[in-house]
Amino acid sequence: MVSSARSARVRESAGNLPVDVTSFVGRRHEITRTKRLLAESRLVTLTGHGGVGKTRLALRVASGMRRIFRDKAWCVSLEELRDGTLIAEAAIEQLSLGGPSSGTDVDAVVEHLKHREMLLVVDNCEHVIEDAALFVDSVLRWCPGVRVLATSRQSLGVAGEATVVVPPLQIPDLDDPPPPESYEQFSSVRLFLDRARATVPDFEVTEEDGAVLMRLCARLDGNPLAIELAAVRLRSLSLHQLEERLVERYQLLSEGRRGAPTRQQSLRALIDWSYELCSEQDRVAWARVSVFAGSFGLAAAEHVASDGLSRVDVLGAMHSLVDQSVLVREQEGDEVRFRLLHALRDYGQERLDAAGERQRVLGRHRDWYAEVAERFAAEWLGPDQVSWVRELRLDLDNVRLALDTAAHREETAPQALRLAARLTPFWGIRGLNGEARHWLETALAHVPADSPERSEGLRANAWFALVQGDAATAEPLLAEAADLAAEHDDEFEVAYVTQIRGMAAFFHNDLGEAERLLTDALARFQDLAAPHGEWFGSFALGLVKGVRGDHDGGIALLRECIEATTGRGELFWRSTALWASAHIEILRGASARAETAAKEALRLQRRLDNRLSSAFTMDILAWIAHGLGRDERAARLFGAASAVWDAVRAAPEFYASFRHAHDEHERGTRQALGDRAFREAYDRGYQMSSEAAVDYALELKRATRSVAPDELSATTLTKREREIAELVAQGRTNKEIAESLVIAQRTVEGHVQHILTKLDFSSRAQIAGWLAGRRA
């Protein structure tokens with residue numbers, strides 16, 4: 001069968017290496033040696049002390065080598081990971097694997113990579129060294145086309161490992177100093193000059209400065225981080241003044257830390273000096289924001305650091321710490337975020353410990369992200385879903401830290417349980433079902449048996465078990481959740497548990513029991529006026545009814561869901577109800593309506609990057625194409641959908657009610673084309689990039705267009721289409737347009753689809769923008 005061969009093919013991808021934001025200096029020998037070792041060994045580990053530039057070197061090597069790997073180069077950073085057992089989940093997130101799976105998370109990563117030819121960078125392994133070694137060993141054993149470039153302060157100890165000790169940058173010998181004019185031959189000096197000119201654009205090197213530059217970089221031991229911290233001081237000091245201050249600093253340090261290695265002394269001296277040059281307000285802020293994992297936004301910093309400081313004080317400190325190169329400023333869309341380099345974060349945490357503040361500040365951090373989860377739950381069913389998914393993805397490391405802070409203690413475990421459960425839609429969209437189960441199970445192990453949060457946590461954990469095909473685990477969880485909900489007289493939880501039980505029956509093709517339970521749950525949610533439960537219920541019950549043969553009843557429920565969610569600007573349940581509508585329209589032979597609904601669903605799913613739902617929708621579009629006799633297109637869509645199924649580690653076989661129709665249409669397509677033609681078309685679909693696959697499914701021919709959208713004439717559209725485009729631009733819904741023009745809503749839907757296809761657009765907003773541009 002095609003499904004058994006899906007994972008044997010590979011899709012083209014550009015990788016996920018971050019872009020350099022500063023210039024790269026030196027390291028030619030290390031780059032050449034690392035590349036040579038990677039040609040000979042499947043695992044190379046870059047080792048060295050803090051601040052020496054292991055990560056930058058690894059990314060530079062990977063960037064230079066990615067073209068020789070069919071699937072390019074990818075990076076998994078472990079710097080923000082506190083729990084080594086979550087390495088596989090971190091890999092799933094950073095490699096954008098997503099989706100539910102059965103088996104362990106390591107198995108899921110291996111399954112995804114076992115037919116890949118790629119370079120995998122595993123960065124910052126030292127603090128989870130044992131788990132990192134096990135993870136890398138599994139990848140190397142079962143994924144023969146993958147080579148691993150790791151960075152760590154110590155080697156991983158995995159069989160076949162080659163190591164490269166990353167030395168400091170080249171420095172002059174002060175016992176035999178070279179001529180002053182030869183300073184640029186040393187990579188450490190070139191790095192200092194590069195960073196100095198970035199700090200002081202008109203920085204000039206005089207005849208006397210060459211010797212000073214070489215002495216400075218030698219005393220900094222060629223450590224890149226130390227050099228960058230020193231260079232920023234040229235804002236307020238001359239080169240000679242900087243040298244004098246550093247000489248004083250090292251003399252003081254060596255007296256108090258005689259046992260420390262020289263290189264550690266130099267880096268510590270620079271960080272000590274940077275700290276002492278800060279105002280007291282800046283020092284306090286530095287220490288407090290050191291609790292953040294990864295990057296963080298200003299609002300989070302204001303909350304966490306403002307105990308005794310005003311929000312204005314914290315804002316001023318953020319500006320000052322960026323100016324002093326303590327904080328790295330990052331631009332993410334319209335938001336500015338901040339990040340502490342690893343060594344500076346460790347230093348800040350030492351200061352936090354010395355002040356006895358760590359637990360209190362971690363508590364403020366935990367409370368902030370618990371509140372973020374509450375706001376997410378309250379606002380999720382509205383127009384901001386895309387921005388919420390983006391925000392939580394940026395803050396995922398901090399969410400993990402907040403969960404880790406709370407989940408292991410009885411007094412805070414209920415907060416962790418609530419936080420993890422509130423993020424259920426996000427875990428699902430990002431494909432982090434295994435991680436969601438980890439946090440829910442950890443918190444449940446510490447939550448008192450009579451805690452009111454326990455039922456919600458059990459129910460959420462059961463749902464994630466179900467979508468991973470683990471019904472044996474889900475059933476007792478649901479039973480306990482039902483007992484607790486009844487004991488606490490919690491009507492919402494009773495309704496939710498009933499709903500999840502209905503979905504469990506649906507997954508196992510027990511359609512009669514599914515309809516009974518889902519009908520009960522929907523009535524309960526309607527009585528409670530709970531939109532999330534109502535929309536989930538309308539989708540689920542509508543689909544079950546349609547699959548059972550009550551097509552009109554199913555479509556009616558799904559239309560209610562679509563209209564309600566459209567009115568709220570909601571995307572997730574609207575797209576889910578649209579693909580369910582497409583499924584039922586196919587069952588009753590309405591191919592045109594099915595195609596319109598499925599394409600609209602796919603557009604919405606693309607906006608949320610909801611790949612599991614996209615797999616369902618592209619699969620359904622393949623069914624539609626087969627039904628219309630467009631079998632070459634159907635085969636390509638089956639291939640494209642198959643690649644998404646593989647990427648999210650799922651398959652139609654996981655869903656009994658879906659599997660039968662999938663197999664029937666795929667078999668019919670193969671018979672219509674013949675085995676060879678089917679295989680060729682299927683493979684072309686499988687090998688498309690994700691963007692190209694969605695464009696193909698939507699019939700957007702971006703690659704072959706010769707006319708830009710703004711050059712299109714209004715005559716591109718028919719008179720009726722121009723009329724409908726004007727109404728779309730006014731913000732009218734399809735239903736409102738149908739009422740205005742006295743035509744059927746499905747006719748409007750078809751016209752809107754044709755407009756989008758002709759103009760090569762993917763949203764109604766683009767139609768409005770195009771018309772506005774023509775009027776300008």
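**Strand pairing and helix packing in the predicted model**

Strand β6 pairs with strand β8 (residues 335–340) in the antiparallel sense over 2 bridges, where pairing requires that DSSP finds at least two bridges between two strands. Strands (E, at least two residues) and helices (H or I, at least four) are DSSP runs numbered from the N terminus. The structure is a predicted model, in which local features need pLDDT of at least 70, side-chain atom pairs count only at pLDDT 80 or more, and totals for chains, interfaces and linings use all residues. Residues are numbered from 1 along each chain as its sequence is written, and side-chain values use heavy atoms, with hydrogens and water left out.

Phe-296 has Phe-338 of β8 as its bridge partner. The open sheet comprises 3 strands in the order β6-β8-β7, with antiparallel pairing. Because β6 (296–297) and β7 (327–332) stand at the edges with a single partner strand each, one side of each is left without a neighbour in the sheet.

Val-304 lies in helix α13 (residues 298–305). With 0% relative accessibility, Val-304 counts as buried (under 20% relative accessible area, 1.4 Å probe, protein chains only). Beyond its neighbours within four places in sequence, Val-304 is in contact (heavy atoms within 4.5 Å) with Arg-288, Val-291, Phe-292, Val-361, Arg-364 and His-365.

Helices α7 (residues 187–199) and α9 (residues 224–231) pack at an angle of about 35°, their axes being 9 Å apart; axes are lines fitted to C-alpha atoms over the stretch in contact, and angles run from 0 to 180 degrees between N-to-C directions. Residues making this contact include Leu-191 and Phe-192 of α7 and Ile-227 of α9.

Notes: Buried means under 20% relative accessible area, exposed over 50%, partly exposed in between (1.4 Å probe, protein chains only).
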